[in-house]
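This report walks through a protein model one part at a time. Look at the sequence and the structure before reading on.

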Number of protein chains: 2
Amino acid sequence: MKSFIPYEDHSDFSIHNIPFGVAIFADDEIGCVTRIGSTVINLAVLYDNGYFEAFDLGENIFEAFTLNEFISLGKSVTVPIRERIQELLLEGSELSKDEATQKEAFHLIHNVSMQLPVHVPNYTDFYSSIEHATNVGKMFRDPENALLPNWKHLPVGYHGRASSIVVSGTPIHRPKGQTLPPDASAPVFGPTKRLDFELEVAFITNSYTDLGESVSTAEAEEHIFGLVLFNDWSARDMQKWEYVPLGPFLAKNFGSSVSPWVVTLEALDPFRMEGPKQEPEVLDYLKFEGKKNFDINLQTFIANDAAGENLICTSNFKYMYWNMAQQLAHHTVNGCNLEVGDMYASGTISGKTEDSFGSMLELTWSGTKPLKLKDGSERKFIEDHDTVIMRGWCEKDGKRVGFGEVSGKILPAKA
Amino acid sequence: MKSFIPYEDHSDFSIHNIPFGVAIFADDEIGCVTRIGSTVINLAVLYDNGYFEAFDLGENIFEAFTLNEFISLGKSVTVPIRERIQELLLEGSELSKDEATQKEAFHLIHNVSMQLPVHVPNYTDFYSSIEHATNVGKMFRDPENALLPNWKHLPVGYHGRASSIVVSGTPIHRPKGQTLPPDASAPVFGPTKRLDFELEVAFITNSYTDLGESVSTAEAEEHIFGLVLFNDWSARDMQKWEYVPLGPFLAKNFGSSVSPWVVTLEALDPFRMEGPKQEPEVLDYLKFEGKKNFDINLQTFIANDAAGENLICTSNFKYMYWNMAQQLAHHTVNGCNLEVGDMYASGTISGKTEDSFGSMLELTWSGTKPLKLKDGSERKFIEDHDTVIMRGWCEKDGKRVGFGEVSGKILPAKA
């Protein structure tokens with residue numbers, strides 16, 4: 001497959017990708033878009049110019065502030081539409097000869113402002129990397145029994161805050177809150193001293209289910225439109241003090257950053273693989289067939305003016321112990337209902353080696369082994385004016401499909 | 001104050017109340033409403049007939065599926081509108097003489113179908129009754145140190161599921177999930193055997209704040225439109241197995257029921273009182289001035305065909321250790337942003353006496369002391385076909401302001 005739009009060999013946004021997002025253009029118009037190489041394509045213009053006439057879409061659903069309405073059409077519509085876009089971008093297509101539409105619909109990426117791709121009605125965060133859960137258990141609980149008894153029987157998860165999910169590039173103020181200093185008997189108030197990232201991937205659902213209805217592992221992927229990179233910012237000192245007995249709260253809800261491009265499950269299909277063996281055997285409702293893990297390379301960088309970009313973590317989505325189909329089956333087995341645009345994040349994705357840990361907590365082993373940056377400075381946790389960048393991509397047989405990046409800069413705590 | 005609309009002395013919906021809700025009428029139209037006695041009043045008709053002309057409301061914001069747009073106008077508008085409605089309902093008012101408008105706008109409560117009053121973007125559940133937290137700590141942790149170290153320093157809370165919040169009257173299927181039977185080494189799957197209610201009150205916010213912005217205790221009540229009764233259904237056996245380390249998840253998110261009438265903070269103003277003394281002293285950002293607790297009588301009933309209605313709990317919102325202003329100040333002190341329609345529930349409201357405990361878990365002391373119903377049957381937890389009803393009201397100096405009820409029937413688990 002060759003597109004008439006040129007792009008670099010290593011572009012995440014190859015002809016095999018065709019992700020979806022929402023952009024504000026130079027003229028302040030907003031619309032749903034796709035991307036190939038550095039070219040962002042306004043799908044609302046393609047619609048207006050008749051390129052989706054074969055579909056019964058009603059009004060122009062790409063003239064929207066979010067992808068929610070589009071993805072709510074379900075895979076029977078969104079999959080052929082993605083294929084249609086792919087076809088239009090090939091050499092020799094109608095669109096390749098339609099310079100008027102190209103002029104109207106095509107924008108360079110640096111001329112648009114990417115927005116949060118979906119409105120997020122509900123956000124859940126899982127805890128599905130066995131390496132991450134083991135590392136945290138070793139540090140905070142019992143090194144000999146690092147995993148809690150429930151961990152291998154169900155994909156542990158909890159509800160997070162939807163309102164504070166922001167798109168890549170949105171700066172985050174260092175949060176303030178209560179922490180209990182070592183050996184103190186009463187907490188103190190102030191900016192967190194242990195600000196962390198968590199390297200995660202989140203999936204987005206495309207349907208409303210009824211309260212009381214369950215989604216099986218076999219049905220689950222029909223409900224998943226696509227994936228984004230997800231940085232679950234965390235304040236470790238606040239978390240440690242607040243989290244018993246009801247879980248993380250203010251340590252997490254000051255902000256979570258997501259990448260602007262939703263990569264569809266179909267684009268990721270060539271990169272499926274087996275997950276880790278699950279032992280003991282899971283209960284029936286968590287059993288599944290087929291390859292449900294995905295080989296997505298993940299990297300995390302700390303960047304600032306003095307030190308430039310520093311690669312601090314190389315991980316992979318394939319390490320997930322619990323896959324997305326199991327997560328969704330578990331989430332709904334009690335009848336909990338799904339909504340269009342919901343985000344379900346994986347939890348921190350760590351691998352087995354020390355350089356594959358997906359948080360500063362693990363990389364510096366709770367601050368005991370600082371990382372060195374290129375300018376000689378050390379990091380136990382994230383400092384003010386640091387930018388954390390996460391990148392993710394798949395590559396196989398010369399095909400590359402990627403997410404681009406999610407980045408977020410930490411600003412000093414507000415006065 | 002006397003209304004031209006007659007109502008019983010003990011009506012929750014007196015001229016002093018003027019709550020807000022959303023109703024579907026006999027002709028399938030939907031609109032924002034208020035209520036006095038048994039009369040539901042379509043505010044969209046009052047608007048159309050010129051009764052709110054003094055306000056600069058733009059389009060008819062009462063012609064809506066939710067109260068969100070109305071409450072987003074803020075107290076500077078919603079408070080005078082409530083006062084205007086109250087004035088219109090008095091003897092001798094313009095409306096009392098306008099039979100045409102009455103005919104168009106007035107409905108009997110049994111002819112309308114009450115809806116969820118707001119769209120809920122975010123839902124948080126606190127854990128702010130010291131008696132409840134102490135009871136749970138005694139049962140599940142250490143009777144000598146029932147409260148965890150953080151409890152008196154901050155209003156513990158966690159995020160819940162917004163999608164499964166339903167209006168009073170919506171039946172709930174008994175959820176299925178994993179539980180660990182006593183002395184078993186592996187979990188089993190099936191319907192919960194320990195289905196419980198939690199007697200709570202929730203407040204609803206009326207504003208969007210910016211990410212990074214905090215709301216002080218002094219400012220908090222400006223952001224609170226009003227309150228509803230809230231039943232936080234819980235599956236105790238599922239909760240016990242799943243909740244470490246990230247908090248309750250499937251044990252809660254299969255459904256939460258709310259009363260349809262939002263009682264404004266202004267209507268509750270005469271019922272303010274001091275809360276319990278907070279010792280040790282709280283951190284500065286949690287300090288507050290004035291009376292921030294409210295004297296709201298609360299009752300819970302179990303009802304079914306055989307046993308009729310059985311009063312099983314008599315509690316009061318005044319017992320709350322942490323007040324709503326402190327909850328909101330805590331929630332936002334890290335910069336977490338609010339949205340219009342957010343629900344913030346109190347957590348189970350228990351008093352000191354055994355008949356004031358706000359859950360079956362506490363009332364039957366984890367099933368060890370079953371309750372007897374009128375037909376001689378016993379209840380350790382909630383059984384299929386039981387309806388749980390919660391009522392709440394304030395009464396003082398001959399004025400009564402109430403919530404009506406939130407009820408929900410438990411249906412058998414789905415096959």
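The model is predicted. The buried residues of helix H6 in chain B pack against helix H11 (360–363) of chain B. Helix H6 covers residues 130–140 of chain B, and eight of its 11 residues are buried, so the helix is mostly covered under the cut-off of under 20% relative accessible area. The buried residues are B:Ile130, B:Glu131, B:His132, B:Ala133, B:Asn135, B:Val136, B:Gly137 and B:Met139.

## The contact between the chains

How many residues of chain B are in contact with chain A? On the side of chain B there are 60, and they are in contact with 60 residues of chain A. The size of an interface is often given as the accessible area lost when the parts come together. Chain B and chain A bury about 5200 Å² between them, and 63% of this area is on carbon and sulfur atoms.

Polar and charged pairs also cross the interface. There are 24 residue pairs in polar contact between chain B and chain A. Several elements of chain B give two or more residues to the side that touches chain A: strand S6 (123–126), strand S7 (157–159), strand S10 (176–179), strand S11 (188–191), helix H8 (236–242) and helix H10 (324–332). Sorted by class, this side of chain B has 34 nonpolar, 18 polar and eight charged residues.

Two salt bridges are found across the interface of chain B and chain A. A:Arg161 forms a salt bridge with B:Asp342, and the closest N and O atoms of this pair are 2.9 Å apart.

Which residues does UniProt list under "binding site"? The unreviewed entry lists A:Asp125, A:Glu198, A:Glu200 and A:Asp232. These residues are spread over 108 residues of sequence, yet they cluster in space, with a largest C-alpha distance of 11.1 Å.

A:Asp125 is found in strand S6 (residues 123–126) of chain A. Is A:Asp125 buried or exposed? Its relative accessible area is 1%, so A:Asp125 is buried. Not counting residues up to four places away in sequence, A:Asp125 touches A:Gly157, A:Tyr158, A:Glu198, A:Glu200, A:Asp232, A:Ala345, A:Ser346 and A:Gly347.

A:Glu198 lies in the loop between strand S12 (195–196) and strand S13 (199–205) of chain A. A:Glu198 counts as buried because its relative accessibility is 4%. Leaving aside neighbours within four places in sequence, the residues in contact with A:Glu198 include A:Asp125, A:His132, A:Asp232, A:Arg236, A:Lys252 and A:Met390.

## Salt bridges

Over all chains, the structure holds 49 salt bridges.

| Pair | Closest N to O distance |
|---|---|
| A:Lys252 and A:Asp232 | 3.0 Å |
| A:Lys372 and A:Glu378 | 3.9 Å |

A:Lys252 and A:Asp232 form a salt bridge that links distant parts of the chain, the two residues being 20 residues apart. A:Lys252 is in the loop between helix H7 (236–242) and strand S16 (256–258) of chain A, while A:Asp232 is in the loop between strand S14 (224–231) and strand S15 (234–235) of chain A. A:Lys252 is buried, with a relative accessible area of 7%. A:Asp232 also counts as buried, at 1% relative accessibility.

The other pairs in the table can be described in the same terms. A:Lys287 is partly exposed, with a relative accessible area of 33%. A:Lys372 counts as exposed at 62% relative accessibility, and A:Glu378 counts as partly exposed at 43%.

Salt bridges also link A:Asp196, A:Glu198, A:Asp232, A:Arg236 and A:Lys252 in a network.

## A listed domain

The unreviewed UniProt entry also lists residues 16–117 of chain A as "domain: Fumarylacetoacetase N-terminal". The end C-alpha atoms of this span lie 20 Å apart, and the span is 30% helix and 20% strand.

Note on methods. Residues numbered from 1 in each chain as written. Chains lettered and ligands numbered in written order. Predicted model: local features only at pLDDT ≥ 70, side-chain atom pairs only at ≥ 80, totals over all residues. Heavy atoms only, no water. UniProt positions renumbered as here; feature names shortened; annotations may be inferred. Helix = DSSP H or I, 4+ residues; strand = E, 2+ residues; numbered from the N terminus. Buried < 20%, exposed > 50% of the residue type's maximum accessible area, 1.4 Å probe, protein only. Contact = heavy atoms within 4.5 Å. Buried area = accessible area lost by both parts, 1.4 Å probe. Salt bridge = Lys/Arg side-chain N within 4 Å of Asp/Glu carboxyl O. Polar contact = N/O pair within 3.5 Å; in protein donor to acceptor, adjacent residues only side chain to side chain. Nonpolar A, V, L, I, M, F, W, Y, C, P; charged D, E, K, R; others polar.
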